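Let's walk through this protein together, one question at a time. Keep the viewer open as you read.

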Amino acid sequence: MEQDSINIQFQRNDREVTELRHQIYPKTELMSLSPADQGGLSRTASPTGDEDQLNSSDQAGTAGKTTHVDQVLPLVDESSPGSTSSFEMLDVEPVRPPYQKVQPHWFFYKQSDDNVLWLPFSKEDSDKLETADNARGNEEVVVAVEGERYDVHVKERKCYPVYWEQAPFEVRRCTWFYKGDKDIRFMPYSEDFSNSLEDAYMIAVTLDEWKRKLDFPTGETVILHNPKLIMHYQPFGFQEDWVSSPSENTRPRTVKRGINNIPVEIPDGEPEKVDHLVFMVHGIGPACDLRFRSIIQCVNDFRSVALSLLSSHYKNAQSEGKVGKVEFLPVNWHSALHGDATGVDEDIHRITLPSISRLRHFTNDTLLDLFFYNSPTYCQTIVDTVASEINRLHALFKKRHPKFEGEISVVGHSLGSLILFDMLTNQRTGSESAREKVLSDDLCDPENDTLEQILTRLGLQQYTPTFKAENLDLESLALCQENDLKDLGIPLGPRKKILKYVRRKCLSEDNKAEGLASVLQGSLGSGDNGNQSAGSAVKKGQFHRTESITSAVDYEYFNMGVGQTSGSIAKGQVSIDYPQLAFQPQTFFAFGSPIGMFLTVRGLKRIDVNYSFPTCKRFYNIYHPFDPVAYRIEPMIVPDVDLEPMLIPHHKGRKRMHLELKDSFTRMSIDLKNNVLGSLRTAWLSLSRLPVAALPPVDEGKTTTEGTLQETRGESEEAESSVSTEQREQAEQGQIKVGMLNEGRRIDYVLQEKPIESFNEYLFAIQSHLCYWESEDAALLLLKEIYDKLDVPLD
């Protein structure tokens, strides 16, 4: 059998192979083994009877000057007249197992830290890919893998992410693997190379002929010594004087057949049922941890941690089919802010000083996001991006999971938590949304207003000649995109105002009448009082709308949320148009959040105890004790009560050892102090009291021994009570009602620092702000709060 990529010669019987040997390789032209072949080949023990035969043949070949042909052609049994025939040997040799086709497994390509990795799919995903590949014919088939977050185009051998933008990566049907001396894991061969190896292996097993040599056009050589020993030799390259010796550079690779013969961990497949959906919003900068990984990679790690905790802490519920999984999806807004659409990076680069360029680039790419969020222009871009991305992901998820009926939560890290806090503060319920729709109609009357009047109202009258030069009217303006306005030379700020107006363009008369009737009947009531309320609402809404379309920062009172005497929860927010989410979140989790600091800087003294988000009823502020960015929330709600934050339990069910020791020493010092003071008090009383009898008086009906036992029992009870005081106080603090922001429950939850972190809190400050993505304790708290709502307890 002859192939283009490999040259294999074999015969169907021993006599033809022997004749071919002597025809092609006369005895006078036999060449000895090359130094590489002599030094590179190694032997491994074989559990079958083949190794004994190979060892005896190798010894004979060494005694009689081993030839090159002896190593590359099949071993031949040349029978002598006095020897036993091959047919008689069949009765003595054990029956060899027939050839079995190799079981493939699908891998995907991943590049991490300049290392090329091939990682296996789960068995479920691999079986789906293999079935689709066998049944596709010549057509393209798309298979959803990895919890339906990726789509594999089987014919193209490419994997595409579904929910986020990322370059596609290669997938491979793997059957043969290799590992060099310096490799830490086995790597799969290409499919064509593997097919060639499999064909040669099939021939060797079928004919029971080993020591076959496969020469490839690239100069590579593979020698099949036996089923357990297959070596791959690299070609000799040009060697410089200072390069290592050829024997070191041409050390053979170890070749293995099938995934069962290599040490590799096949990941467990994910449950198909999704119980809960969580959107995770990142903070400043494109990197989310100290390894400079993106939000996509960090969320993937958090998802893996959550899946592992589900299998360990909800094992019983999983076995009963009560628990599926929680899906976590990343929300990326940094790329939209720093992309070509805004042009902000180019403007900042133009004014950046050339010195300490790396530090300035880091500042421009990360820390400036805080200033951008306080700018009305770029704040609008950020919140629009976050809301539109969440709504897009939500719609796409519902499309791919049409049977999903679970709740949805949101998680924000660092600045991302502040973005979500401001958005949730400005969400509207159903009746408020209908009222806002009617009020916006009253402000937009295209039949009476011209384009020039609208531009004047928006403060953009200087761009009227530009629009007239292009013959643009209101109808054509509604069809313009941001890029169209950019091509006209309209700056970013005016573009945003115009697009904002276009988004609020008026509805048809039928929709207006229907919306107005809905509001009047459902919200404002009827009669004179209803008319009066409607009029005041319109007036109030007009004031709010006028404020929201300006670009000036308004730090005055906003009519959002439940206000206090000093202003509402939205006091100090930048005056922009906050978009609405397509769903009502069940819970809002904040990781390492500066919300408390920003609210204080905005001038908000306290949060009213009756305030809650309009559409989200639960809120958790989770932070590491050494996080320099995190601030508390509860002191702004109950400033008169000194509450310690709730300690998040360790995922293994107790406090960390160093914290237990710290608490034990604290209690010991308190008890010692109390005992010393008690002893001094007793000594002083004994010296100051009058002389008494040797034995104290005994109450009637009570002996002296009983009195002594009662005193001893009282002291032991006091000691036990002091030990349990801390636990009782913590339980009581957990039951304290802290406003309605989290349905009356506690809000601030603190993680337990690791033992090494307690040695120097300054050294681990930055790491503490970025630890949440891999924190089992934080992930378990999320899972517990999610599944408590579903009445699924921890094991």
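## Salt bridges and strands

Q: Which side chain meets lysine 213 in a salt bridge?
A: This is a predicted model, and in it the N to O distance of the pair is 3.9 Å. A salt bridge here needs a side-chain nitrogen within 4 Å of a carboxyl oxygen, so 3.9 Å qualifies. The partner of lysine 213 is aspartate 215.

Q: Is aspartate 215 buried, partly exposed or exposed?
A: The relative accessible area of aspartate 215 is 37%. Buried means under 20% and exposed means over 50%, so a value of 37% falls in between. Lysine 213, at 21%, is also in that middle class. Aspartate 215 is therefore partly exposed.

Q: Why are lysine 128 and aspartate 125 separated by about one helical turn?
A: These two side chains form a salt bridge, with the closest N and O atoms 3.7 Å apart. Both residues belong to helix H6, which spans residues 123–135. They are about one turn from each other because their spacing in H6 is three residues.

Q: What is the bridge partner of aspartate 215 in E10?
A: Strand E9 (residues 212–215) runs antiparallel to E10, and four bridges join them. The two strands form a hairpin with five residues between them, and glycine 219 in the turn has a positive phi of about 95 degrees. Across from aspartate 215, the partner in E10 is threonine 221.

Q: How many residues join E10 to E11 in their hairpin?
A: E10 and strand E11 (residues 229–233) pair in the antiparallel sense over five bridges. Asparagine 226 has leucine 229 as its bridge partner in E11. E10 itself covers residues 221–226, and six of its six residues are buried. The hairpin link from E10 to E11 has two residues.

Q: Which are the edge strands of the six-stranded open sheet?
A: The order of this antiparallel sheet is E2-E1-E6-E5-E4-E3. Neighbouring strands are turned by 35 degrees against each other on average, direction ignored. An edge strand pairs on one side only, and here these are E2 (115–120) and E3 (142–145).

Q: Which residue of E4 stands opposite valine 143?
A: Strand E4 spans residues 150–153 and is joined to E3 by four bridges, with the two running antiparallel. Opposite valine 143 stands valine 152.

Q: What is the area of the nonpolar surface patch that includes Leu359?
A: Leucine 359 lies in helix H13, which spans residues 357–373. The patch is made by Ile356, Leu359, Phe362 and Leu367. Its area is about 380 Å².

Definitions and conventions
Residues are numbered from 1 along each chain as its sequence is written. This is a predicted model: local features need pLDDT of at least 70, side-chain atom pairs count only at pLDDT 80 or more; totals for chains, interfaces and linings use all residues. Side-chain values use heavy atoms; hydrogens and water are left out. Buried means under 20% relative accessible area, exposed over 50%, partly exposed in between (1.4 Å probe, protein chains only). Two strands pair if DSSP finds at least two bridges between them. Patches are made of residues with over 30% relative accessible area and no salt bridge: like charges are joined within 9 Å, nonpolar side chains (Val, Leu, Ile, Met, Phe, Trp, Tyr) within 5 Å. Accessible areas come from the Shrake-Rupley method with a 1.4 Å probe; for residues, only the protein chains shown count as cover. Axes are lines fitted to C-alpha atoms, for helices over the stretch in contact, and angles run from 0 to 180 degrees between N-to-C directions.
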